[in-house]
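Student: I'd like to learn how to read packing and ligand surroundings from a model. Could you walk me through one?
Tutor: Gladly, let's look at it together.

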Amino acid sequence: MTGLFITFEGPDGAGKTTQVKAFAERLASMGHEVVLTREPGGTAISDKIRSLILDPAHTEMADSAEVLLYAASRAQHVQEKINPALKSGKFVVCDRFVEASIAYQGYGLEIELEQIKRINQFATGGLIPDRTYLLDLSVADGRERLKARTGLDRIEQKGAAYHERVRQGFLEIAKEHPQRIRVIDASRSVEEMAEEIFADFTRWLTEKN
Ligand SMILES: Nc1ncnc2c1ncn2[C@@H]1O[C@H](COP(=O)(O)OP(=O)(O)O)[C@@H](O)[C@H]1O
Ligand SMILES: Cc1cn([C@H]2C[C@H](O)[C@@H](COP(=O)(O)OP(=O)(O)O)O2)c(=O)[nH]c1=O
């Protein structure tokens, strides 16, 4: 039996970390075996790559290097953690995946989208999530939510125009995959979002089976 791969995407500060946790806990309380993970990261090697990418001191990082480092972190994550968990029938819930690279590096840095897709196809062996929740929030509201954080990482420090391209990029991606990606209005309360996500997931699961 193969498991299910569920990803959460969206701009910085949209509430992904909060929602993946609630979602994974709810699945686990129903008796499912759940692996909660995130990108960039999820394994020891991937976490080291994460530190390299996000270090605010690395202002000289080339865009191409950034793309490849995210993909390298992802390749390790898929091979070491995601694929084995899926093979053993677990539910893998992941905070960001390939669509983050299309939105942030493709739309954000204005790198040819096909290039990003090819590199990630190689990194993941073509793994595609079964269901994706895109938490959509305005750049201004996302910034406001992140204010409480001490120190923004290298990506969060980029300007508003960049982050607006990222947000619109995510919405374009969602339009391309309406069957798989569900857009969630992230301007609402934690509880309202969690309810919509869980209701959608249970309905989707029932229809699928
Ligand atoms: N629905 C919400 N409404 C208001 N604040 C929220 C909401 N969801 C999360 N937050 C707060 O916003 C900040 C960013 O949330 P987080 O879950 O870390 O987002 P992300 O992982 O998408 O960056 C945190 O301080 C969190 O407590
Ligand atoms: C996975 C991924 C993340 N990112 C960016 C988005 C975030 O700004 C940053 C770190 O991701 P994340 O850990 O989700 O940030 P946070 O929880 O602090 O909001 O990396 C990319 O640019 N490309 C990618 O492929």
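Student: How do the residues of the shell around ligand 2 divide into nonpolar, polar and charged?

Tutor: Keep in mind that this is a predicted model. The shell around ligand 2 splits into six nonpolar, three polar and six charged residues. In total, 15 residues surround ligand 2, and the closest are Glu 39, Ala 100, Ser 101, Tyr 104 and Ile 155.

Student: Which element gives the largest share of that shell around ligand 2?

Tutor: Helix α4 does, with four residues.

Student: And which residues are closest to ligand 1?

Tutor: Gly 15, Lys 16, Thr 17, Thr 18 and Arg 145 are the closest, out of 13 residues that surround ligand 1. The most come from α1, with three residues. By class, the shell around ligand 1 holds four nonpolar, six polar and three charged residues.

Student: Now for the helices. At what angle do α4 and α5 pack?

Tutor: The general idea is that two packed helices are described by the angle between their axes and the distance between the axes. Here, α4 (residues 98-108) and α5 (residues 113-124) pack at about 150 degrees, with their axes 10 Å apart. Angles over 145 degrees count as roughly antiparallel, so α4 is roughly antiparallel to α5. Their crossing is right-handed.

Student: Which residues of α4 and α5 meet?

Tutor: From α4 come Val 98, Ser 101, Ile 102, Gln 105 and Gly 106, and they meet Leu 113, Ile 116, Lys 117, Asn 120 and Thr 124 of α5. This contact divides into four nonpolar, five polar and one charged residue.

Student: Are α3 and α5 roughly parallel or antiparallel?

Tutor: Helix α3 (residues 63-87) packs on α5 at about 25 degrees, with the axes 8 Å apart. The two are therefore roughly parallel. The crossing of α3 and α5 is right-handed. Val 67, Leu 68, Ala 71, Arg 74, Ala 75 and Val 78 of α3 meet Ile 116, Ile 119, Asn 120, Ala 123 and Thr 124 of α5. That contact has eight nonpolar, two polar and one charged residue.

Definitions and conventions:
Residues numbered from 1 in each chain as written. Chains lettered and ligands numbered in written order. Predicted model: local features only at pLDDT ≥ 70, side-chain atom pairs only at ≥ 80, totals over all residues. Axes fitted to C-alpha atoms, helices over the stretch in contact; angles between N-to-C directions. Parallel < 35°, antiparallel > 145°, perpendicular 65-115°, else oblique. Left-handed = near helix turned anticlockwise from the far one by under 90°. Contact = placed C-beta atoms within 7 Å. Nonpolar A, V, L, I, M, F, W, Y, C, P; charged D, E, K, R; others polar. Near = placed C-beta within 6 Å.
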